[in-house]
Amino acid sequence: MSFEIREKPDKLERALLVSIGMPGESRRERAALLAELENLVENLGIGMAGSRLEFTREVQAKYICGIGKAEEIRAWVEETDADALIFDNLLSPSQQREWEKLVGVPVADREEVILDIFAQRARTREAVMQVDLARMQYALPRMAGMWKHLDRQRGGSGGGKGGGAAARGEGEKQIEVDRRLAHDRIEAIRSELEAVRRQRATQRKERLRQGIPTAAIVGYTNAGKSSLLNMSTGAGVLAKDILFATLDTTSRKIELPDGQPLVLTDTVGFIRNLPTRLVEAFKSTLEEAVVADFLIQVVDASDREALRHYETTCEVLESLGAHDKPMIVVWNKVDLIPEDQREAQLDALAAKVDCPSLPMSVVREQGLDTLFAACAGVLAGRVERATYRIPQAESRIISIMHRDGKVLSTEYEGNDVIVEAVLPKEFSSRIQRYKI
């Protein structure tokens with residue numbers, strides 16, 4: 001783990017994982033989240049000394065759980081000689097500090113683990129800025145108490161007279177400086193990301209002007225979104241069997257069976273309890289889902305939590321204001337479902353969603369034609385197939401046909417060009433006078 005602001009060791013080798021369930025929470029749901037945390041920690045390259053699921057009768061402000069349960073966990077840390085304690089829960093800054101004082105080893109929560117994974121995966125300048133913003137916002141309230149060792153070295157109250165800065169300890173002055181620098185850095189990153197958002201908005205306006213529809217590929221992390229984009233377009237996006245393999249938006253233009261163009265855009269993967277600050281930081285990327293004409297949600301059908309992953313993605317889309325978009329659900333990785341169970345499992349999944357869905361195996365390149373036909377069906381009302389007689393003097397119109405639509409055939413008659421084409425209705429309506 002990389003702790004930029006809080007002091008942490010360079011390498012953690014034996015971490016204990018704990019999930020504390022709240023009153024009324026489902027044990028199955030909590031167990032699934034803990035298993036997911038194990039996968040997250042594994043993706044950071046941290047070894048695990050063990051994991052355990054605990055439930056508390058009531059939420060306590062100091063440790064989340066009661067002091068008795070907290071002491072049990074402290075004893076477990078000592079017994080296993082672990083060098084870190086990681087909670088599946090989201091800890092407040094004060095709870096994190098109290099746990100570290102109790103167990104004597106670094107303590108992290110689910111949000112910090114996800115932030116560290118994002119930091120490892122960020123490659124482009126935009127992704128790095130987005131992660132930096134989220135991490136600075138996470139770390140800022142956790143800076144309190146970092147510099148107390150300086151105050152102790154100076155006797156705590158300092159030697160100045162009359163109060164003010166001169167009377168403060170070195171630690172107190174240092175943390176004020178660090179907080180100011182952190183705030184300045186946060187504002188600088190926000191300004192840079194705002195410039196990126198404006199650039200994206202300009203690109204979207206150009207696509208809108210050309211009448212090219214867009215589809216955003218969304219879904220749970222590691223469901224196969226980037227692989228689907230690669231299979232559909234040859235984009236060459238990084239696609240590995242790891243969580244959050246890519247954080248960057250990639251858009252590619254394809255041609256559907258009916259001849260109309262479509263821009264496919266990959267987006268960052270979702271996960272249960274995705275930190276709100278990450279959703280906010282990646283807003284410029286996630287806006288692709290908000291402005292798309294429709295969504296393609298990719299779900300790992302072989303995962304026993306497939307339906308819950310579908311629901312999680314829908315919840316994040318709702319928080320973004322994109323829940324009312326037309327959607328096609330792709331049940332990916334069907335090749336991993338035992339053949340004798342496949343049909344029944346896919347039927348059960350399809351029955352739980354209220355939008356078109358279809359099975360695919362991206363790794364085996366199965367189902368792409370069906371997906372493209374479904375995309376054409378969603379956009380059927382946007383295009384028109386017709387034949388036009390265009391004067392050769394109006395060659396500009398033919399150029400636009402090639403750019404924004406699909407020209408099926410071209411013939412010459414005297415000074416005219418007979419063109420059969422599939423065109424966006426917005427454009428075809430402007431050249432009605434040339435229609436045969």
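Student: At roughly what angle do the axes of helix H1 (residues 27-43) and helix H4 (residues 110-121) cross?
Tutor: The model is a predicted one. In this model, the axes of H1 and H4 come within 10 Å, and H1 passes H4 in a left-handed crossing. The angle at which the axes of H1 and H4 cross is roughly 35°.

Student: How many nonpolar, polar and charged residues make up the contact of H1 with H4?
Tutor: H1 contributes Leu33, Glu36, Leu37, Leu40, Val41 and Asn43, while H4 contributes Arg110, Val113, Ile114, Ile117, Gln120 and Arg121. Divided by class, the residues of this contact are 7 nonpolar, 2 polar and 3 charged.

Student: What term describes the orientation of H2 and H3 to each other?
Tutor: Helix H2 (residues 67-80) and helix H3 (residues 93-103) have axes 9 Å apart and pack at an angle of about 55°. Angles of 65 to 115 degrees count as roughly perpendicular and those under 35 degrees as roughly parallel. H2 and H3 are therefore oblique.

Student: How many charged residues does the contact of H2 with H3 have?
Tutor: The crossing of H2 and H3 is right-handed. Its contact is made by Ala70, Glu71, Ile73, Arg74 and Val77 of H2, together with Trp99, Leu102 and Val103 of H3. The contact has 6 nonpolar and no polar residues, and its charged residues number 2.

Student: How many charged residues are in the lining of the largest cavity?
Tutor: A search of the whole structure finds 1 cavity of 30 Å³ or more, and the largest cavity has a volume of about 30 Å³. Its lining consists of Phe118, Val268, Gly269, Phe270, Leu274, Leu278, Val279, Phe282 and Leu286. By class these are 8 nonpolar and 1 polar, and the number charged is none.

How values were computed:
Residues numbered from 1 in each chain as written. Predicted model: local features only at pLDDT ≥ 70, side-chain atom pairs only at ≥ 80, totals over all residues. Heavy atoms only, no water. 1 Å grid on protein atoms, 1.4 Å probe; cavity = no way out; pocket = protein on both sides within 12 Å on 5 of 7 lines; lining within 4 Å. Points joined across faces, edges and corners; volume = space filled by probe spheres on them. Nonpolar A, V, L, I, M, F, W, Y, C, P; charged D, E, K, R; others polar. Axes fitted to C-alpha atoms, helices over the stretch in contact; angles between N-to-C directions. Helix = DSSP H or I, 4+ residues; strand = E, 2+ residues; numbered from the N terminus. Parallel < 35°, antiparallel > 145°, perpendicular 65-115°, else oblique. Left-handed = near helix turned anticlockwise from the far one by under 90°. Contact = heavy atoms within 4.5 Å.
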